Number of protein chains: 2
Amino acid sequence: MSKKPVQRTAPKAQESVAITDAEWDIMELLWEKAPRTSQEIVSLLEEGREWKRATVVTLLARLTAKGALNTEPQGNRFLYTPAVERSACVAEETRSFLDRMFGGALQPLVAHVAEHHSLSKKDIAELKALLDQIKPNS
Amino acid sequence: MSKKPVQRTAPKAQESVAITDAEWDIMELLWEKAPRTSQEIVSLLEEGREWKRATVVTLLARLTAKGALNTEPQGNRFLYTPAVERSACVAEETRSFLDRMFGGALQPLVAHVAEHHSLSKKDIAELKALLDQIKPNS
DNA sequence: TGCTCATGTTTACAAGTGTAAGCAATTACG
DNA sequence: CGTAATTGCTTACACTTGTAAACATGAGCA
């Protein structure tokens, strides 16, 4: 009885997966360009992060298992593709960060950054320009 | 040989302690008002978070051990006080969040929030007013 | 067809975290 | 003064996360 690469894609989750720090590095690569083979990802990360192949592969498996990646069998290997959008993940992280740190509002964060991380004149100008372009929702 | 409550305050760390999610809840209470006894904190959190006394006490101990809290013995109990400022912790979290999600810059975050979480006309006005008050550093 | 290489799977393991029971000692109360 | 209640300390345990070795199997080449 032969055994093709097993499709282990998650239960079905597609919305809002929790991505850990290490996993994030892999997702970034795939958000930037997909699909990719594990080989590509491994070689990119063996340098940048000094991870062993096994480490990268484990993370790919975990991401697939939790539904953050889709895999398409190709011979005995997979092509990996993000199953969640970067902006959705960022939105989730942002939401929880704002809630926890600043009661969910943006203003206090901006005030905080201005005070503690400092903004240049140029930053301020850019932000103002940005605000002018935003169309108010709600 | 009698045994007074042991002073287990951290090595000396005072700057930049990593505070976990659960611990954060305790710190909030102490940043809001300090010093407090464990009793106070326990009763506040038994409701809000449905934590058992033991849980709260463990977290207090961990926070003390890592230098996030100072303790002042009082009979057989302690008075707990934050050893780190909230704004310093927030600053650290903010820095790492901005780095990871938005390359360290504020503008993309604001843009993101505008798009994904939406801002009211009033929010935008407030932000503009805020920017006008900021004195550019650097 | 046999062997080596690449690739995914299983197992591992330490540190960190959430959550808490149980013990010891001290204080408070009858 | 003796007993109950309070409070901190020790220990525990499962789950997550970072990091990876060992293993099995299919693919490609000799």
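How much space lies in the largest pocket? About 470 Å³ of space lies there, where a pocket is an open set of points on a 1 Å grid over the protein atoms alone at which a 1.4 Å probe fits, with protein on both sides within 12 Å along at least five of seven lines, and its lining residues have an atom within 4 Å of a point. A volume is the space filled by probe spheres set on the points, which are joined across faces, edges and corners.

Before you select anything, note that this is a predicted model, in which local features need pLDDT of at least 70 and side-chain atom pairs count only at pLDDT 80 or more, while totals for chains, interfaces and linings use all residues. Residues are numbered from 1 along each chain as its sequence is written, chains are lettered from A in the order in which they are written, and side-chain values use heavy atoms, with hydrogens and water left out.

**First stop: the largest pocket**

Select E93(A), S96(A), F97(A), E93(B) and F97(B), which are the closest to the centre of the largest pocket among the 18 residues that line it. Then colour α1 (21-32) and α4 (86-102) in chain A and in chain B, since each of these helices supplies at least two residues of that lining; helices are DSSP runs of H or I with at least four residues, strands are runs of E with at least two, and both are numbered from the N terminus. The lining holds eight nonpolar, four polar and six charged residues, with Ala, Val, Leu, Ile, Met, Phe, Trp, Tyr, Cys and Pro counted as nonpolar, Asp, Glu, Lys and Arg as charged, and the others, Gly among them, as polar.

**Second stop: a pocket in chain B**

Next select S38(B), V57(B), R77(B), F78(B) and Y80(B), which lie nearest the centre of the second largest pocket, itself lined by twelve residues. About 230 Å³ of space lies in this pocket, and α3(B) gives the most to its lining, with four residues.

**Third stop: where the chains meet**

Now show both chains, because the size of an interface is often given as the accessible area lost when the parts come together. The area buried between chain B and chain A is about 4100 Å², of which carbon and sulfur atoms give 70%; buried area is the accessible area (1.4 Å probe) that two parts lose on being put together, summed over both. The contact (heavy atoms within 4.5 Å) takes 42 residues from chain B and 42 residues from chain A.

There are six salt bridges between the chains, a salt bridge being a side-chain nitrogen of Lys or Arg within 4 Å of a carboxyl oxygen of Asp or Glu. To look at one of them, select R100(A) and D25(B), whose closest N and O atoms are 2.7 Å apart.

Select V110, L127 and L131 in both chains, and you will have the lining of the largest cavity, where a cavity is a set of points at which the probe fits but cannot get out. About 40 Å³ of space lies inside this cavity, and its six lining residues are nonpolar, with no polar and no charged residues.

**Last stop: the backbone**

Finally, go to the cis peptide bond from A34(A) to P35(A), with omega near -5°; P35(A) sits in the loop between α1 and α2 (38-48) of chain A. In chain B, a cis peptide bond joins A34(B) and P35(B), with omega about -5°.
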